[in-house]
Amino acid sequence: MYLLLKLSLFFLITIKVSAGDFIMNCSGVDKFPVFEKIDEQNTFMIYSNEFQCTTNTSMIIFGTADGIVETENGKQIENILNKITDKYGHVGYFKAVPADIKHYRENDGEFTGASINTWQWIGGNGPFAELKGVIMIGAYLQLGKNKYGGGNFIWKATASDISDKKIKAINSFSEKTYD
């Protein structure tokens with residue numbers, strides 16, 4: 001029994017020690033082609049963006065996001081889907097999900113100035129298949145409108161306790177060998 005307890009403790013410590021973070025640093029341009037302010041507690045927006053990111057792995061990615069952001073009785077609901085492609089052509093999908101932590105949001109008129117959101121990898125091929133189910137918490141900061149009416153933004157997100165095995169698998173992907 002004592003040996004089993006020692007092995008279990010060793011296993012738990014090893015898993016924690018051999019786990020790391022997956023970090024994304026992104027920038028891009030977002031647009032709100034539709035913004036309807038119904039009243040002080042209720043809004044409706046169509047959201048769209050284009051972005052590019054580096055990660056702390058071999059992945060360099062770019063993509064688009066589209067969706068709807070509603071505020072109902074002061075509570076924000078996001079239904080946003082990202083389609084992401086890596087430098088080798090692998091495709092992945094990422095969506096906004098409700099968070100266990102309270103989202104922070106600071107609005108500046110029709111634009112969100114800053115927010116903290118939760119996202120989940122929901123599928124894809126290549127390295128994105130390795131990320132399926134991983135939850136990331138990200139901080140978004142809109143830097144202001146550009147001359148074309150879009151909002152330039154930066155976003156940084158982290159997923160913690162990602163196994164070394166998963167990070168190695170992500171780093172092992174190169175050119176796509178399938179369609």
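**Entry 1: His-90.** I looked up His-90 and found it in the loop between S4 and strand S5 (91-97). The model is predicted: local features need pLDDT of at least 70, side-chain atom pairs count only at pLDDT 80 or more, and totals for chains, interfaces and linings use all residues. Residues are numbered from 1 along each chain as its sequence is written, and side-chain values use heavy atoms, with hydrogens and water left out.

Is His-90 buried or exposed? His-90 counts as buried because its relative accessibility is 1%. I use buried for under 20% relative accessible area, exposed for over 50% and partly exposed in between (1.4 Å probe, protein chains only).

Next I checked its polar partners. The side chain of His-90 makes a polar contact with the side chain of Asp-86, at 2.8 Å. A polar atom of the His-90 side chain also lies 3.4 Å from the backbone oxygen of Ser-174. A polar contact is a pair of N or O atoms within 3.5 Å; within protein, one must be able to donate a hydrogen and the other to accept it, and sequence neighbours count only if both atoms are side-chain atoms.

**Entry 2: cavities.** How many cavities of 30 Å³ or more does the structure hold? I found two. A cavity is a set of points on a 1 Å grid over the protein atoms alone where a 1.4 Å probe fits but cannot get out; lining residues have an atom within 4 Å of a point. Points are joined across faces, edges and corners, and the volume is the space filled by probe spheres set on them.

The largest cavity has a volume of about 300 Å³. Its lining has 23 residues, with Tyr-47, Asn-49, Trp-119, Tyr-140 and Trp-155 nearest the centre. S1 (19-39), S2 (42-55), S4 (75-86), S7 (111-124) and S9 (151-163) each supply at least two lining residues. By class I noted 15 nonpolar, six polar and two charged. Nonpolar covers Ala, Val, Leu, Ile, Met, Phe, Trp, Tyr, Cys and Pro; charged covers Asp, Glu, Lys and Arg; the others, Gly among them, are polar.

The second largest cavity holds about 40 Å³ of space. Asp-86, the side-chain partner of His-90, is one of its lining residues. Others include Ser-58, Tyr-88, Pro-127 and Phe-173.

**Entry 3: core.** The largest nonpolar core has 30 residues. I take a core as buried Ala, Val, Leu, Ile, Met, Phe, Trp, Tyr and Cys residues joined through side-chain atoms within 4.5 Å. Phe-22, Met-24, Trp-121, Met-136 and Trp-155 have the most contacts inside the core. S9 gives the largest share, five residues. Met-136 touches, among others, Phe-22, Met-24 and Trp-121, not counting residues up to four places away in sequence. Contact means heavy atoms within 4.5 Å.

**Entry 4: backbone angles.** Which residue in the loop between strand S3 (60-72) and S4 did I check? I checked Asn-73. Its phi is near 50°, a positive value in a residue other than glycine. Asn-73 counts as exposed, at 64% relative accessibility. Asp-161, in strand S9, has a positive phi near 60°. Asp-161 is partly exposed, at 49%.

**Entry 5: whole chain.** I counted three helices and nine strands. Of the 179 residues, 35% count as buried.

Technical notes
On a 1 Å grid over the protein atoms alone, a cavity is a set of points where a 1.4 Å probe fits but cannot get out, and a pocket is an open set with protein on both sides within 12 Å along at least five of seven lines; lining residues have an atom within 4 Å of a point. Helices (H or I, at least four residues) and strands (E, at least two) are DSSP runs, numbered from the N terminus.
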